[in-house]
Amino acid sequence: MADVSSNPNSASDTLTLDGIRDSLIRQENSIVYSLIERARFPLNRQIYLQNNASIPGFSGSLVEFIVRETEAIQAKAGRYENPEENPFFPESLPLPLVLNPHKYPKDLHPSGASINMNKAIWEFYFNKFLPLLVADGDDGNYAATAASDLACLQTLSRRIHCGKYVAEVKFRDAPKEYETPIRSKERDTLMKLLTFEAVEEMVKKRVERKAMVFGQEVTLNNTNEGGKHSIDPSLASRLYSEWVMPLTKEVEVEYLLCRLE
Ligand SMILES: C=C(O[C@@H]1C=C(C(=O)O)C=C[C@H]1O)C(=O)O
């Protein structure tokens, strides 16, 4: 059992399916808020172009620069010692500098713990989702825009990689059911076993509602759910149905496939 319950976004504070689902519900808030923050800025295409950051000695995009540098500093502070956190640029991250680091519980099977789906997250977020979220245009707020992309990436990554904990618990709850398809590497059977369509429908509806409530204009006289919203609520639901939940389940399948190693 984990001892990180002081972190309300943690999946591992209670290793039960209900406990992890509670954590996923709380993480929806972080995701929706991060999208609302990003949607304050237009696309600001410049920050995604290679060789356009004008940073001596760095040839990537400005967003890549912000993500790499932030991850490096957070690695020094111990962020990636937490098995729920996965870096986008894991190669050559500095070692943690903190003395007496927190001892995170080892709830995950070692082979599955290192699964990292961040390339796919980066790809869908920038190439597919972002153009739907923000208006085209350029307001020059490049560093702030890149920082808000980083916040979106980190909250999405944390949520999607919680699939490791979901898979661990589902396996522990029914090891006999999972064992045969794991041994014969039947991805489709595993996918069917771990899918709960009714839960997914609830998630989609709740996320849409959260985007509506969190993104509405609040006045002293009334709250107006029917009025203007910071982001299109149906886009939040689409984010979950097209990318977040499928990738969470892909993490689950990958994790299960190495669960008996
Ligand atoms: C995460 C779970 O596994 C699957 C993925 C879900 C999701 O990403 O929200 C929801 C239900 C399941 O189909 C779960 O069972 O809670």
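A crossing of two helices is called left-handed if the near helix is turned anticlockwise from the far one by less than a right angle, and right-handed if clockwise. Keep that one in mind, it comes back a few times.

Okay, quick housekeeping. What we have here is a predicted model, where local features need pLDDT of at least 70, side-chain atom pairs count only at pLDDT 80 or more, and totals for chains, interfaces and linings use all residues. Residues are numbered from 1 along each chain as its sequence is written. Helices are DSSP runs of H or I, at least four residues, and strands are runs of E, at least two, numbered from the N terminus.

So, the ligand. Around the ligand sit Arg-21, Leu-24, Val-166, Leu-194, Thr-195, Phe-196, Val-199, Glu-200, Val-203, Met-245, Thr-248 and Lys-249, where near means a C-beta atom, placed from the backbone, within 6 Å. Which helices give at least two residues each to that shell? Those are α1 (17-38), α9 (197-214) and α10 (233-257). By class, the shell has seven nonpolar, two polar and three charged residues. For the classes, Ala, Val, Leu, Ile, Met, Phe, Trp, Tyr, Cys and Pro are nonpolar, Asp, Glu, Lys and Arg are charged, and the others, Gly among them, are polar.

Now helix packing. You describe two packed helices by the angle between their axes and the distance between the axes. Here the axes are lines fitted to C-alpha atoms over the stretch in contact, with angles from 0 to 180 degrees between N-to-C directions.

Let's stay with α9 and α10. Their axes come within 7 Å and cross at roughly 145°, and the crossing is right-handed. On the α9 side we have Glu-200, Val-203, Lys-204, Val-207, Glu-208, Ala-211 and Met-212, meeting Pro-233, Ser-234, Ala-236, Ser-237, Tyr-240, Ser-241 and Met-245 of α10. Contact means C-beta atoms, placed from the backbone, within 7 Å. That contact divides into eight nonpolar, three polar and three charged residues. Glu-200, Val-203 and Met-245 are also on the ligand list.

Next pair: α4 (118-133) and α5 (142-161), with axes within 10 Å, crossing at roughly 130°. That makes α4 oblique to α5; the cut-offs are under 35 degrees for roughly parallel, over 145 for roughly antiparallel, 65 to 115 for roughly perpendicular, and oblique for the rest. This crossing is right-handed too. Asn-118, Ile-121, Trp-122 and Tyr-125 of α4 touch Cys-152, Leu-153, Leu-156, Ser-157 and Ile-160 of α5. The tally is seven nonpolar, two polar and no charged residues.

Last pair, α7 (175-183) and α8 (187-194). They pack at about 155° with axes 8 Å apart, which makes α7 roughly antiparallel to α8. Left-handed or right-handed? Left-handed, this time. Glu-177, Tyr-178 and Pro-181 of α7 meet Thr-189, Leu-190 and Leu-193 of α8.

In the loop between those two helices you'll find Lys-185, with a positive phi near 50°. Most residues other than glycine have a negative phi. Lys-185 counts as exposed because it has 10 C-beta neighbours inside 10 Å; 12 or fewer is exposed, 20 or more is buried, and in between is partly exposed, with C-beta atoms placed from the backbone.

Asn-51 has a positive phi as well, near 60°, and sits in the loop between α1 and α2 (62-76). It is exposed, with 10 C-beta neighbours inside 10 Å.

And finally Leu-130, in α4. Leu-130 is partly exposed, with 17 other C-beta atoms within 10 Å. Its C-alpha is 9.1 Å from that of Ala-39, 91 residues away along the chain.

Notes: Two residues are in contact if their C-beta atoms, placed from the backbone, lie within 7 Å.
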